[in-house]
Amino acid sequence: MRGNAFEAKVKADGGTELMRLLSERLSGQSPPPASGEVLVPDLSAAGPEGRTARTALALREATEARAWALLDHPLLALEVAGSPAYLEPDAVVVRPDGRWTVVEIKSFPMIDGSADAAKVGAAARQAAVYVLALERVALHTAGAEVADRVLLVCPKDFSNLPAASVVDVRKQLSVTRRQLARLTRIEDIAAGLPEGTTFDLGHCSGEELTAAVESVAAAYAPECLSACELAFHCRHRARAEGAVETLGRGVRGELGGLTTVGAVLAAAHGGAGDPADPTVSALRRAAALRAEALAAAGASGAPADGAVDGSGPAVSAIGSANEAVTCR
Amino acid sequence: MSLISTLARLEAVESGRARPLATVRHRRISDEPLVLVPLTTAGEAGAPLGALVGTDRDAPRLLTVAQPRDRDLRFAFLGELAEAVLPYLDTYAEVIEPAERNETDPETGKRVKVEVELCVDAPQLIVPSRPGIDFVRLLGRSMRFRRTAEDDPDTPYPAPPRVPLLGRWLTHYGERARVPGSSLLLAATDLLNRHWATGQSSLEDQHLGALLAWIDPPEGVSGAEAALRAELDRDRGGQLRCPPAGPATDPAFDNRLLAPAIEGYDRARQALAAAEDGPGAEEQLARLSAAERDIRELLAGVMRPTWDAVWHGLDLLRALPEGERVADRWTRDRWSFTGHRDRVRAGEPPQPRLDDAVTAAQKLASRETAQAQLEAQEALDDPLVFAGRRLSGEAFLSEVTEVVMAYSESKRPSPRPLVTVRTDDRPHLEAGTKVFRSLDGKPQSAEFVRSSAEDADDNDADGVLVLRLTDRMGRGKEPAPGSVPEKGDRIAWTLFEHDQRGGPKLPDPEETPWTHGGPPGADDATPPHARAEAHAPDPVTEEDFL
């Protein structure tokens with residue numbers, strides 16, 4: 001609710017405040033357009049196809065008119081894995097030179113010029129998808145170019161006055177492009193499923209739905225937990241399989257060809273695995289060192305002081321006179 | 001994550017219980033820490049909703065904001081928080097011991113020793129989770145520029161007394177929490193994660209309830225099961241049995257319980273305002289306080305489990321013996337506390353919004369030094385951490401097989417004995433690499449000469465190293481007794497230094513080079529009002545956040 005109120009405030013009066021922020025951050029010297037100079041086209045239409053067509057038309061008209069234009073909640077289409085997805089950026093600004101800039105309005109505060117890095121990252125990824133979708137429209141528009149820098153607008157400090165920052169999304173763009181290109185097409189996934197599989201909640205029982213979900217392979221990683229409703233299901237399955245990914249993607253990378261908890265532990269404790277495999281030999285060494293250290297700590301309790309004892313733990317050999325408290 | 005800690009996580013998966021990552025405690029836990037469990041309002045970017053605070057685990061002080069958007073209520077909350085926290089800080093500020101500090105004499109430019117005060121102990125703040133630390137910083141930032149009626153009689157919304165002071169202290173603690181190894185402000189999840197490996201990912205380890213379930217599951221239940229319950233179990237009303245450790249609340253709690261309660265409070269307040277002094281006023285007032293009590297009970301209900309969990313975690317940590325070098329790092333924390341106490345007493349202005357170039361560089365350099373120092377000290381304190389360094393080739397454990405006396409080739413020959421050791425570890429050594437061992441708590445250095453002795457065709461030659469001791473043997477021709485190892489000694493050598501020296505000294509702020517913006521204030525591009533703004537209070541708008 002505060003987010004909506006803030007967005008409405010930023011866009012109020014035909015976008016005067018937004019235009020001021022935009023030209024302050026992006027245009028350098030040129031003054032912001034007067035409030036009457038900014039076109040605010042009406043983008044309402046029936047259905048998503050209608051709205052995307054209306055948006056494309058408005059973008060084309062504004063670019064041809066060589067005028068400032070503010071598109072409030074335009075609708076864009078982007079093909080994801082072979083099916084269209086509709087996207088609604090907070091705003092797109094068309095400048096007289098034909099550049100289109102994505103504006104993302106967020107409700108998290110920008111305190112002393114910096115905001116929560118994780119939230120800014122998420123906003124940048126989101127904006128990059130909008131830029132990609134806009135690029136498809138710009139391909140069919142003469143003289144149009146989509147800016148790879150987007151304007152992030154947040155509340156300033158603890159107030160609800162807007163503050164803006166330019167975010168370069170080139171990296172996010174190339175990552176998203178690559179990911180979209182690599183995505184398995186939905187038809188291909190569907191082709192691999194048994195005939196009659198449905199996820200329709202209204203027409204199948206709980207068991208049927210579970211079976212349907214089970215029939216789709218999933219690559220679970222802990223990051224899924226913050227993004228996907230099915231994450232707990234996938235986690236349960238991955239844990240049941242003993243997949244090492246449940247401990248994090250990095251763990252998987254460390255363990256080479258060993259993919260299950262059981263296999264790793266068997267290799268580490270010498271029960272299985274090829275000793276010539278560098279991963280296996282590293283694991284065995286790690287396991288031996290860990291066991292030695294734990295045994296040493298368990299045997300001696302608190303580390304002994306200073307004494308260099310033939311059988312003592314590593315710590316006592318390192319020596320341990322209290323060298324603290326000289327404070328300078 | 002090193003392979004050893006990965007292995008610990010895998011073992012935890014298999015055994016269903018957390019496995020140790022440390023054999024000693026690497027952080028100071030004060031005898032009387034102040035625990036703070038804050039809650040924030042969803043969607044209001046940092047407006048406090050409530051807090052449990054105190055040093056007595058059985059009697060936390062409950063502070064709540066019945067309507068988080070009401071500025072007066074928020075100020076009242078912050079005022080109460082100041083009353084709960086500042087007296088605790090004050091008790092530590094008074095107990096001091098004399099100490100010496102090196103300072104540069106402004107007239108002669110020489111380093112001289114100055115007698116100063118050092119607080120004997122420092123107050124410690126514990127919050128449940130890492131977002132709690134961020135919230136402490138945010139509270140600090142929101143309060144330290146406020147003006148009380150005393151500071152400025154014309155200020156439109158004066159803050160309660162002592163609130164700006166609390167802001168400065170919380171800012172200091174938030175800033176100190178970024179120094180590796182510091183223990184002034186700690187998150188319970190960080191503490192537990194440092195000492196135990198669970199069978200879940202580090203992302204899931206941020207859930208205090210699940211983390212504790214892995215480390216200390218209830219009788220008869222595996223850690224994995226207990227953690228799953230802590231994450232997902234809801235009661236019949238759809239509320240989590242183990243509420244999140246905050247500061248963010250569970251959406252189901254916000255929507256089903258909190259929002260109606262706050263609405264009820266708003267209605268009661270409106271009714272009271274409408275009744276004015278009329279006959280119904282007393283009844284409306286009773287209704288208002290009942291509505292407020294409802295909110296207090298609700299918030300206490302979701303904060304209390306977290307409060308108990310933090311203390312439970314502290315119990316588990318206290319059971320570990322403290323690492324020997326922890327006291328050394330705690331002394332630095334005491335210096336940090338004393339330093340800020342002195343700055344406040346000297347009437348210095350609050351910490352600026354943004355550090356200048358020199359301060360920022362200094363902070364970064366000192367944090368890097370602290371990080372390196374922490375890594376070295378943890379390895380020296382803890383055989384399990386040391387094992388990780390052995391695995392990565394940065395340290396080795398060896399047995400002395402031979403000591404041959406040798407001397408340096410200078411005018412006054414000093415002892416440079418050659419020590420032959422045998423090790424099963426595989427340190428990354430090249431001729432001339434320096435290695436260190438601890439001798440009576442001080443590092444003694446040696447130089448790697450060659451691997452294997454004369455009998456190069458010996459199959460075991462890989463594990464035989466020759467080292468030349470280079471210092472700590474006294475000034476005489478004969479090495480001081482005990483300073484040279486003997487045959488059969490087991491010695492732990494490290495390839496990293498034990499004490500970290502800071503980098504080169506940075507210039508004074510007045511000497512900031514032009515590459516870094518030049519001296520503060522000298523920049524013509526900075527308009528005078530911007531410079532004055534550095535300490536000015538935030539402008540106030542109708543619907544500001546904090």
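**Entry 1. Chain B as a whole**

I began with the two domains of chain B and found their centres 44 Å apart, taken over C-alpha atoms. The model I am reading is predicted. The domain assignment gives domain 1 as 3-248 + 299-379 and domain 2 as 395-494. Domain 1 of chain B is therefore written as two stretches of sequence, with bounds that come from an automatic or database domain assignment.

I then looked up the extent of the chain. The C-alpha atoms of chain B fill a box of roughly 105 × 70 × 40 Å along the principal axes. I counted 13 helices and 15 strands in chain B. Chain B has 546 residues, and buried residues make up 40% of them. For contacts in chain B between residues at least 6 apart in sequence, I noted that 65% join residues at least 24 apart.

Is helix α6 of chain B enclosed or open? I went through residues 208-215 and found eight of the eight buried, so the helix is largely enclosed by the rest of the structure. The buried residues include Leu208(B), Leu211(B), Leu212(B), Trp214(B) and Ile215(B). Gly209(B), Ala210(B) and Ala213(B) are also on the buried list.

Helix α9 of chain B covers residues 281-318, and I picked out Ala286(B) in it. Is Ala286(B) buried or exposed? Ala286(B) counts as exposed because it has 12 C-beta neighbours inside 10 Å, and the cut-off for exposed is 12 or fewer. I also checked Ala286(B) against Ala268(B), which is 18 residues away along the chain; their C-alpha atoms are separated by 9.2 Å.

**Entry 2. Strand β5 of chain A**

I moved to chain A and looked at strand β5, residues 91-94. Both faces of β5(A) are covered. Ala91(A) and Val93(A) are buried on one side, and Val92(A) and Val94(A) are buried on the other.

Which strands pair with β5(A)? I found strand β2 (residues 68-72) of chain A, antiparallel to β5(A) over four bridges. I found strand β6 (residues 99-105) of chain A as well, also antiparallel to β5(A) over four bridges.

β5(A) and β6(A) form a hairpin with four residues between the strands. In this hairpin I noted Gly98(A), which takes a positive phi near 90 degrees.

**Entry 3. Nonpolar cores**

I looked up the largest nonpolar core and found 130 residues in it. Which members touch the most others? They are Val264(A), Leu283(A), Ala286(A), Leu7(B) and Leu81(B). Helix α9(B) gives the most to this core, with 11 residues. Another core, of 47 residues, lies apart from it, and its members include Leu70(A), Leu75(A), Val92(A) and Tyr130(A).

I followed up Leu81(B) from the largest core. Leaving out residues up to four places away in sequence, Leu81(B) touches Ala51(B), Val53(B), Leu63(B) and Leu166(B).

**Entry 4. Confidence in chain A**

The average is 84, and 90% of the residues score at least 70. Over residues 300-328 of chain A the pLDDT is below 50. In the model this stretch has 70 contacts beyond near neighbours in sequence.

Technical notes
Residues are numbered from 1 along each chain as its sequence is written. Chains are lettered from A and ligands numbered from 1 in the order in which they are written. This is a predicted model: local features need pLDDT of at least 70, side-chain atom pairs count only at pLDDT 80 or more; totals for chains, interfaces and linings use all residues. Helices (H or I, at least four residues) and strands (E, at least two) are DSSP runs, numbered from the N terminus. A residue is buried if 20 or more other C-beta atoms lie within 10 Å of its own, exposed if 12 or fewer, and partly exposed in between; C-beta atoms are placed from the backbone. Two residues are in contact if their C-beta atoms, placed from the backbone, lie within 7 Å. pLDDT is the predictor's confidence in each residue, from 0 to 100. Two strands pair if DSSP finds at least two bridges between them. A nonpolar core is a set of buried Ala, Val, Leu, Ile, Met, Phe, Trp, Tyr and Cys residues joined through C-beta atoms within 7 Å.
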